[in-house]
Amino acid sequence: MVNKLEIQSKMMQAVETVRRTNPMAGSITNTVTINLVANAQLAVGGSAAMVYLPDEAEFLAKAGGAMYINVGTLLPIYEETLPYVAKVLHETGKPWVLDPVAVGIGSLRTKLLQQLKAYKPTIIRGNASEIIALAGLWGLDGGTDESNVRGVDSTDSVSEAKAAAIALAKWTEGAVAVSGETDLVTDGSMMAFCYGGSHFMEKITGAGCSLGGVAAVYATATSPFIAALTATAVYNVAGKRAELKVDGPGSFQVQFIDELYKATAEDIANNSLDVEEVSFL
Ligand SMILES: Nc1ncnc2c1ncn2[C@@H]1O[C@H](COP(=O)(O)OP(=O)(O)OP(=O)(O)O)[C@@H](O)[C@H]1O
Ligand SMILES: Cc1ncsc1CCO
Ligand SMILES: [Mg+2]
């Protein structure tokens with residue numbers, strides 16, 4: 001049985017714990033949106049640190065409460081860093097978030113994402129095309145080998161990624177968040193649909209990347225499902241509010257950070273949300 005009130009109460013607790021404790025979630029993330037990721041993490045009450053090197057990543061994995069790994073702009077050193085730190089995270093039971101940006105392009109990206117399967121990311125956050133393609137790469141239900149990934153933007157709808165999201169969540173025993181106009185978050189047994197946001201979020205780069213970074217901040221304080229849901233909800237609240245105050249994507253990004261900062265635990269938990277049980281056919 002889904003208990004929405006209990007879910008909302010856990011979301012509020014997560015928001016408040018993060019604001020009170022300023023937890024650190026280190027990141028290995030792409031060079032395009034690295035600044036937005038850090039600023040979004042700070043705006044919700046977390047602490048950010050970005051690294052590239054294996055020993056520094058290991059340090060952050062151990063020192064922080066969670067970690068964010070985004071494969072957007074791969075560098076040669078990542079061939080060493082990513083599997084190394086993912087193993088540390090897995091073995092120490094630290095939550096970590098994977099954003100499989102542009103999965104399917106290039107041989108290093110494919111090899112690394114294949115290796116990461118064994119280290120079971122606590123939260124997988126991607127757009128619909130990336131979630132479908134990652135399930136395909138990992139040989140799970142709902143995935144496809146004929147990937148529609150053509151770059152970093154989605155060409156599939158969120159509802160088309162439902163089966164892939166459930167299969168990935170069951171594999172990791174964590175949560176999967178699929179972003180789009182309506183967001184979907186699942187832990188394999190519950191499925192949440194989260195509404196709000198703004199069309200401007202498709203016109204700035206890094207709304208998804210920074211959402212992953214914020215999910216890592218919340219993962220320091222709560223379960224993978226609640227962390228993914230809380231991050232998704234604060235993005236929907238802040239996006240909706242920022243859109244009302246601006247008339248273009250540049251000012252939207254600035255206003256969006258302000259609205260992330262201003263959203264209260266109640267605002268976030270009361271954002272439009274439907275939760276249902278995953279039905280087993
Ligand atoms: N059309 C839309 N309407 C409302 N919200 C949206 C829309 N498109 C995306 N969003 C919101 O933007 C955020 C990021 O989702 P998106 O699917 O754009 O990620 P992404 O494609 O991985 O982005 P990036 O790779 O640029 O970081 C989510 O919070 C999502 O709810
Ligand atoms: C535009 C872009 N290119 C590689 S990563 C990235 C950020 C959005 O995913
Ligand atoms: Mg993305």
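Which residues are the closest to ligand 1, and how many surround ligand 1?

## Surroundings of ligand 1

In this predicted model, ligand 1 is surrounded by 24 residues, and the closest are Ser179, Gly197, Met201, Gly208 and Tyr235. Sorted by class, the shell around ligand 1 holds 7 nonpolar, 13 polar and 4 charged residues.

## Surroundings of ligand 2

The residues around ligand 2 are Asn30, Val32, Thr33, Gly72, Thr73, Val101, Val152, Thr205, Gly206 and Cys209. By class, this second shell has 4 nonpolar and 6 polar residues, with no charged residues in it.

UniProt, in an unreviewed entry, places the feature "binding site" at Arg125 and Ser179. Although these positions span 55 residues in sequence, no two of their C-alpha atoms are more than 7.6 Å apart, so they gather at one spot. Ser179 is also among the residues closest to ligand 1.

Arginine 125 belongs to strand S5 (residues 123-127), and with 32 other C-beta atoms within 10 Å it is buried, because the threshold for a buried residue is 20 or more. Apart from residues up to four places away in sequence, arginine 125 touches Val97, Asp99, Ala177, Leu211, Gly212, Ala215 and Ala228. Serine 179 lies in strand S6 (residues 175-179) and is likewise buried, with 28 other C-beta atoms within 10 Å.

Methionine 50 is found in strand S2 (residues 47-50), where it is partly exposed, with 18 other C-beta atoms within 10 Å. Not counting residues up to four places away in sequence, methionine 50 touches Ser27, Thr29, Ile34 and Ala38.

Glycine 206, in contrast, is buried, with 24 other C-beta atoms within 10 Å, and its place is in the loop between strand S8 (190-194) and H8. Beyond its neighbours within four places in sequence, glycine 206 is in contact with Val32, Thr33, Leu36 and Val37. Gly206 is one of the residues that surround ligand 2, and Val32 and Thr33 are also included in that shell.

In helix H3 (residues 54-63), the buried residues are Ala57, Leu60 and Ala61. They cover an arc of only 105 degrees around the axis, which puts them on the same side of H3. A general point of helix geometry bears on this: an α-helix has 3.6 residues a turn, so residues three or four places apart point the same way. The buried residues of H3 pack against strand S1 (24-28), S2, strand S3 (66-70) and helix H4 (78-92), whereas the face turned away from the buried side carries the exposed residues Asp55 and Ala63.

Helix H5 (residues 107-116) has Leu112, Leu113 and Leu116 as buried residues. Seen down the axis of H5, these residues fall within an arc of 95 degrees, so they line one face of the helix. Their packing partners are H4, strand S4 (96-99) and helix H6 (128-137); H4 is also among the elements against which the buried residues of H3 pack.

## The chain as a whole

The protein chain contains 11 helices and 9 strands, and its C-alpha trace spans about 45 × 40 × 35 Å along the principal axes. For 281 residues, a compact globule would have a radius of gyration near 19 Å, and the 17 Å of the protein chain agrees with this.

Buried residues make up 55% of the 281 residues. Among contacts between residues at least 6 apart in sequence, 75% join residues at least 24 apart.

Key. Residues numbered from 1 in each chain as written. Chains lettered and ligands numbered in written order. Predicted model: local features only at pLDDT ≥ 70, side-chain atom pairs only at ≥ 80, totals over all residues. Near = placed C-beta within 6 Å. Nonpolar A, V, L, I, M, F, W, Y, C, P; charged D, E, K, R; others polar. Helix = DSSP H or I, 4+ residues; strand = E, 2+ residues; numbered from the N terminus. Buried ≥ 20, exposed ≤ 12 C-beta atoms within 10 Å, placed from the backbone. Contact = placed C-beta atoms within 7 Å. Arc of directions from axis to C-beta. UniProt positions renumbered as here; feature names shortened; annotations may be inferred. Rg over C-alpha atoms; globule rule 2.2 N^0.38 Å.
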